[in-house]
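Work through the exercises below with the sequence and the coordinates at hand. Each task is followed by its solution.

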There are 2 protein chains.
Amino acid sequence: MTMILRFAPPSPFARKVRIAASVLDLSDQITLETTDLNDPAETLRVQNPLGKIPALVLDDGTALYDSSVIVQYLDTLAGGVRIIPPSGMARFQVLRQEALADGLMDAGVLQVYEGRYRPAELHHQPWLDRQAGKVARALAAIAADPPPLDEPPHIGAIATACALGYLDFRFSGDWRAGNPGLVAWLERFEAAVPAYAQTAPE
Amino acid sequence: MTMILRFAPPSPFARKVRIAASVLDLSDQITLETTDLNDPAETLRVQNPLGKIPALVLDDGTALYDSSVIVQYLDTLAGGVRIIPPSGMARFQVLRQEALADGLMDAGVLQVYEGRYRPAELHHQPWLDRQAGKVARALAAIAADPPPLDEPPHIGAIATACALGYLDFRFSGDWRAGNPGLVAWLERFEAAVPAYAQTAPE
């Protein structure tokens, strides 16, 4: 089976999927294909009507999204329960960690979009502050209770690493100053998971 | 076990959880508790650092989010695989339908937030159009291939009904004019699932 992952190098949600695929030894079954949403003929909008990456296109043309659904699919494809615990509170703790990291990324993305999709005179600081507050609270919660670094890493840890990597990429790594424990956590993750460095945005 | 669901009546994501709980016969184990995010002491921000509803608070204080994680948890609590197929493409089709409906709701919410969190002179029509485009494409995709109405309804159908209900609530039901098949689909859903009418926003 060959699958196509529609992605963009800066997307933290696509990075999460790419790291999950690597950890699950599925990378060689996945062809990466970038998107160009400025092109009206961009097929991503047919594959995912929401026009969002990542989307995973299967052999028969079926497209899966969003990133958590893709990760669940890949985990199943790899035999199951390798990066998502099968049941019990262990499963829901991990899925909650993923949701927290995803929410941090969403709030970061909305701040980036303010600059990308809105002229400067229409920026609204209270909206940016609102999103920054979500990032700050999520970061504090993660720092207080970082996901365990299992081998292989579970999706809660992978998503958390991608969230921190996104803050490095788009917010100058400002999070590092106040969070030495989390910096050390990310270094341990990076040492254990080569795909993290391999998927770093430029 | 008693659980607390932090919610607001207009939230389509909370409505999805409430309907799922009803379908799974778990409603009497869940206490509904509204939130007031204008109150700086609002505990939701501790329960979910993202400050988002719904959040499900368990007996021991553990809070679960987002809505899809809560639904997976409730399904497991009810014995499992009642509203989410256990495996195979059936599972991922349903989770993809849920993600599409959730994405439609997200794009709708961002349009509502433009009015709620930004003064009129800072509104930006291209941003609104961008979100409206996501809603329109998602709606067209759902109309072309509505989720099957199983008994009990699966989470793809529940989420789809909540997405259409949100368009009724916030966008004057404009979607109805061009989509008679989907209107009929929603009528069948409503007849089969009493919780849909019971959770309708005012």
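**Exercise 1.** Classify B:Y113 by its accessibility, then describe its ring pair with B:Y117.

Step 1. B:Y113 has 24% relative accessibility and counts as partly exposed (buried is under 20% relative accessible area, exposed over 50%, partly exposed in between; 1.4 Å probe, protein chains only). B:Y117, at 25%, is also partly exposed.

Step 2. The model is predicted: local features need pLDDT of at least 70, side-chain atom pairs count only at pLDDT 80 or more, and totals for chains, interfaces and linings use all residues. Residues are numbered from 1 along each chain as written, chains are lettered from A and ligands numbered from 1 in written order, and side-chain values use heavy atoms, without hydrogens and water.

Step 3. The ring centres of B:Y113 and B:Y117 are 4.9 Å apart and the planes stand at 85°, so the pair is edge-to-face (Phe, Tyr and six-membered Trp rings pair with centres within 6.5 Å; planes under 30 degrees apart are stacked, over 60 edge-to-face, the rest tilted).

Step 4. Both residues sit in helix 4 (residues 88-117) of chain B, four residues apart, so about one helical turn separates them (helices are DSSP runs of H or I, at least four residues; strands are runs of E, at least two; numbering starts at the N terminus).

**Exercise 2.** Is the pair of B:W185 and B:F189 stacked or edge-to-face?

Step 1. The centres lie 5.8 Å apart, with 20° between the planes: stacked.

Step 2. B:W185 and B:F189 are both buried.
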